[in-house]
Each structure stands twice: as C-alpha cells, then as structure tokens.
Amino acid sequence: MPLRIQSEAGLLGSVALVVALSLTGGAAAQTQPNPADVKKHETTPGGQYQPSLDVLGEKAVEQPGTKPGSPQLSEAEFKRANQIYFERCAGCHGVLRKGATGKPLTTDVTKKNGYEYLRDFITYGSPAGMPNWGTSNELTKDEVDLMARYLLNDPAQPPEFGMAEMRASWKVVVPVEQRPTKQMNKLDIDNLFSVTLRDTGEVALIDGATKQIVTRLKTGYAVHISRISASGRYLYVIGRDAKINLIDLWMETPATVAELKVGNEARSVETSKYKGYEDKYAIAGAYWPPQYVLMDGATLEPLKIVSTRGMIYDEQTYHPEPRVASIVASHFKPEFLVNVKETGKIRLVDYSDIKNLKETEIEAERFLHDGGFDSSKRYFMVAANARSKVAVVDMKESRLVKVIDTKGQTPHPGRGANFVHPKYGPVWATGHLGDETITLIGTDPEKHPKEAWTVVQTLSGQGGGSLFLKTHPKSHYLYVDTTLNPEPEIASSVAVFDIKDLGQDKPKYKVLPIGEWSGIKEGQRRVVQGEFNKDGTEIWFSVWNGKSQESAIVVVDDQTLKLKNVIKDKSLVTPTGKFNVLNTRDDIY
Ligand code: DHE
C-alpha cells in the first residue's frame, strides 16, 4: 500500500491537498520516496522564519499523565520532546498546541491521525509550510519518532508570569536620584547605534561617526530589539527571555540602570512619546504568557499587566494564547498601539490614566506581526503576514482605515520604508518573505486620495526571504535585503532601487554585494537590516554569520552606493538589528 503524505491543511484540517509520495514499503517501514516529491516538501524562507520559544523549552514543566492507549514517555524523553516542541513547533502550532499559523495538535486530532501519519508528516513536511524536519536532517530519525509519540500525549502547561514573578525579577541597578542630571559623556547620542549581538545576549553601542564600539552591555537571551525614549536618553532593549534592560545613555559610560522580566518569551518593547509623557512609561509585549505590561519609564517598575487572551476578531472564538507582536507609541495621543497576533486585534491602549485603563479594540486581521508609521506618523501600517495583508490604522481618529492585500506572499516590512514616488506621491513599502514582490502603498489621502491605501505599484526584487527594507527622507534609494533567500549570493547582497526611476515600466535595481565587501570568506554571510545614520548619508548593514564565525557591519555611502567602512571586531558576534538613536526615536524610516 503506498504511503501518503499530506500537506498541513490535508492532514489536520479539512482541505484535501494530498501529495502522494510513491513509496513501496508498508506503512510502518520508511523507504525512500521520489526525490522530486521530497523537494516539493522542502521548507520555504517563510516556513523557516517562525518563532522559536527556546526559553520556554528550558522551563521545567510537569509531565501530563499518560492516558490509556497513548505511548508512554520516560521523564527524560518527555523533557527532550518538550524542548524540541517549544524550539521548533510551538511558534506555529501554539504553546498549548491549539493552533496558530499551523493547525491544532491537540490529542483529539493527533490520535485520529495516528503515529505513522505524524512521523511521516514531521519527516517530510508539507508544501503548505510545515518544515521537512526529517529530510532536512534538522531532526534525527529517533527525534522524529519521539515527537510523534509526544504528540499522542496531552500537551504540557507552561507556567504563568504574574506580578509576583515580575517584581521578583525587577532590579533598579542605579536609582533615579543617583543618575546624572545632564549628559556626562561627549558622545553624539543621536548618532549612536544600538546593535543586537544576537547569540551573545549583548548590545554593542557603536559611534556613528568614528565607527568605534563605545561599550558592550549584557542583555537578555537572544536579544531582539532596541527602542529609544522620547528624550533620547534611555535605551530599552528586550531579549527573547522577556528581559528588558534600561540603559542610561547620559552616564559617563552608558550602562544598565534597571532590569525587569515581563514573561518567559517576548519580542517587543516601546516607550511613551506623546507630548507631556516623554520618558514616563514603557510597555512590553510577551509571547508567553500572552500579555502586555505597562511600566514606569525610568525604573521599569511593573505597573499593570493586561492579558491578551480572548476572542478571534472574526470567528469570535476563544484563543488561549494570542501573542503580542509589534508595539508603537502614538505621536497624536497618549496611546500605545499593541498588535495581538492570533486574535487579529489591534489594541490602542490609553496610558493617560492607568488605573482606569481605556482600550480601543480594532478588528484588523489575524497574524499581525511587524509594521511602522507612514511619513506623517498619523497612520500605522502593520503586516498580517500569514494572511498577506497590511492593516492601516488612523492614530488620530483611533480607527481602522483599511485592510489591504499586498499582492505578494507573506509581507515582512520591519518598520517599512516611506518615500515620495515620482508618480503616486507619498508611499510606504514592504518586502515579502514568500516571494520577490516589493509592494508600494499610497499613504496620502489628502493630496493623493485615489492612490491612498491602495497598492500603487509592485516591484520585483532579487527574490523571496526579504526581512527589511529601508530609505531615508534625504536618500533617493530604496534598499531591500533578502536575508533568508536560499541562494547564498542573494542572501548576502541587497537590491537598491533608484526612487527617481520608479515611474518607469519594470524598474531595475542594482545589486550591492555586501557580503563580499565585508571581506569575510567563511559562512553564510547573511546580510540583514539596513539602518541609516542620523544625517541620512550612509546606511549600515549587518553581515550575520554563525556564532563561531566572523561577522561584520558594512557601511555604504548613500550618494555613491560605494563601500565606505567595514566594522569588524572579535566582539561583534552575530550582529543583526541596528537601531540609530535619532531614527528610532523619531520613527524615521
Ligand atoms: Fe524579529 C522586529 C518577532 C526573528 C530581527 N521581530 C520584530 C517584531 C516582532 C518580531 C514581533 C516587531 C517588534 C516591534 O516593532 O515592536 N522575530 C520575531 C519572531 O517571532 C521571529 C520570526 C522568530 C523568533 O523566534 O523570534 C523573529 N527577528 C528574528 C530574527 O531571526 C532576526 C532577523 C534576527 C534577530 O536578531 O533575532 C530578527 N526583528 C528583528 C529586528 C527587528 C525585529 C532587527 C526590528 C526591525 C526594526 O527596524 O525596527
């Protein structure tokens, strides 16, 4: 009997997208299927770019009892399987296995499908996005077997993280009254870059003019992003372990002045920017537990925790673990905009009265992820990535403007890129993980009402796997990375479009071989996230290599598109995101 491997939709949902792999052996014995069919099941860049909840995987959780008929796992096997589940599977299938971008893996579903079905599905993956864990050798045969058995048992319940845990983690390293009252160093703070050193759990502060590393600071595990307070004095850095470091840039040598953990897994942090509330509050969003936390801006004292559990915006069914994705601070009102991924709701949190907290809940689209403002900062554009849509919110009127189909697959804008198009006026741009499309959306309802909130143009870049694109008000170039493209040459270079030429048919781009310019010969040399200096005259790219390999930051002259500097240092391990103080503070992108 031939063994059949189904796509995710076919296996666990109702849509029958069945891909038969012509196997000759019996169902229990695995033999080699047709290589062309295996190829079809290989993971795409979008499939690879899913949350890995490593920190949660490390947490000790109670092993649920084995139900009659379910395979028994030893304590060691359960621990290992649980760790693999959180690192590899929970990002899509949910911490509680109730489904997110991937289908549910609760036992009512897994038991119906059975051990062999699960084993083969994990081995080969599916064209619908399930990675081919076995054939890619990411999991061994034994690990695949273990995971299939683990999934036939009830899910584990990871711990909550409430006020008691938060306060226990809270440290004020330097009390406010002992901090400087003026800037004590000679740094040009506006031109500092906070650089994520992902795998060492540090940020490096690099001077934008001299390109010297001012200092390196220990932060949370697999540190993720940096944000800057409205005054430019405080830097907030969050790690994937939900640890926030508050760094005072006024100190003689900038250092951490407070720390807090807001959960077990988190990705986003932001600070109040509305007039009268500068540096007053901070907010962080967690993946687990699903919640956001309002904090005192100068000490990180946790003030209020708000759960994001609730109903999915359209189906109105309960979701037990909707993660908090990007957060931005409004320039129009004392509000934070919080994107709740799985429920597809955007919550505008009014921080003017935290005791009597008011929220405006906007129905947007599921799988909200990253986004940024338009150039007027009145509108916020956020990608609902797994739905290939962008939702637009009017920050002045606190309402949804529109949900737009991006005409590409899996948009990933970072904060996006704003510029004035020669034909269509002001636009905001996003690249895509799933294909080469770069989508330009009109953002000026006053002077360009016909173009506003429609896709005015799509450009073709180097390929899929794009994470970030960037320009600057003073630049006439649009830079697009392709970090996760499977072709090494494409992943290690960026495409540059001349904005002046975008009125032509099929605009062409130049390729900057950033990886080659870095002089690094080993490794994958993935090029990621362009960031401008404060004057908008140069753009910095990270050359992101393995932890034990050499990495670098390559600086490009924006006028000439020529190499300007290569920043290398033994301590620059896995640099990824770079956050220029001025551009991050003022939302210039
Ligand atoms: Fe990020 C932003 C989530 C993997 C570098 N990333 C964001 C934001 C979210 C997010 C929700 C928006 C924050 C905001 O604006 O408030 N990132 C996730 C994930 O869930 C994911 C896919 C997997 C995971 O387990 O974390 C993930 N991110 C990565 C990386 O692998 C990257 C490329 C390298 C790294 O350092 O981890 C990466 N993410 C970034 C960067 C930003 C970001 C540089 C901010 C971009 C900006 O211009 O502001």
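**Close-up views of a predicted model**

Figure 1. Phe 373 has Phe 380 as its bridge partner in β22. Helices (H or I, at least four residues) and strands (E, at least two) are DSSP runs, numbered from the N terminus. This is a predicted model, in which local features need pLDDT of at least 70 and side-chain atom pairs count only at pLDDT 80 or more, while totals for chains, interfaces and linings use all residues. Residues are numbered from 1 along each chain as its sequence is written, and side-chain values use heavy atoms, with hydrogens and water left out. Strand β22 covers residues 379–384 and is joined to β21 by 4 bridges, the two running antiparallel. The hairpin that they form has 5 residues between the strands, and Lys 377 in the turn has a positive phi of about 65°. Because 6 of the 6 residues of β21 are buried, this strand is largely enclosed by the rest of the structure; buried means under 20% relative accessible area, exposed over 50%, and partly exposed in between (1.4 Å probe, protein chains only).

Figure 2. Strand β23 (residues 389–394) runs antiparallel to β24 and is joined to it by 6 bridges. Lys 389 has Asp 405 of β24 as its bridge partner.

Figure 3. Thr 443 lies in the loop between β27 (437–442) and β28 (455–460). Its relative accessibility is 4%, so Thr 443 counts as buried. Neighbours within four places in sequence aside, Thr 443 is in contact (heavy atoms within 4.5 Å) with residues that include Asp 374, Tyr 379 and Met 381. Pro 426, Val 427, Trp 428, Ala 452 and Trp 453 are also in contact with Thr 443.

**Figure 4. The iron site.** His 224 donates through NE2 to the iron atom of the ligand at 2.2 Å, and is the only protein donor. Donors are N, O and S atoms within 2.8 Å of the metal (3.2 Å for Na, K and Ca); water is not among the atoms, so sites may look incomplete. The loop between β6 (213–218) and β7 (225–228) holds His 224.

**Figure 5. The largest nonpolar core.** This core has 30 residues, of which Tyr 85, Ile 122, Met 147 and Tyr 150 touch the most other members. A nonpolar core is a set of buried Ala, Val, Leu, Ile, Met, Phe, Trp, Tyr and Cys residues joined through side-chain atoms within 4.5 Å. At least two residues of the core come from each of α5 (75–93), α7 (115–124), α8 (141–151) and β12 (281–288). The largest share, 7 residues, is supplied by α5. Residues up to four places away in sequence not counted, Met 147 touches Ala 81, Ile 84, Tyr 85, Cys 89, Ile 122 and Leu 139. Another core, of 25 residues, lies apart from this one and has Ile 238, Met 251, Val 262 and Ala 284 among its members.

Note on methods
Two strands pair if DSSP finds at least two bridges between them.
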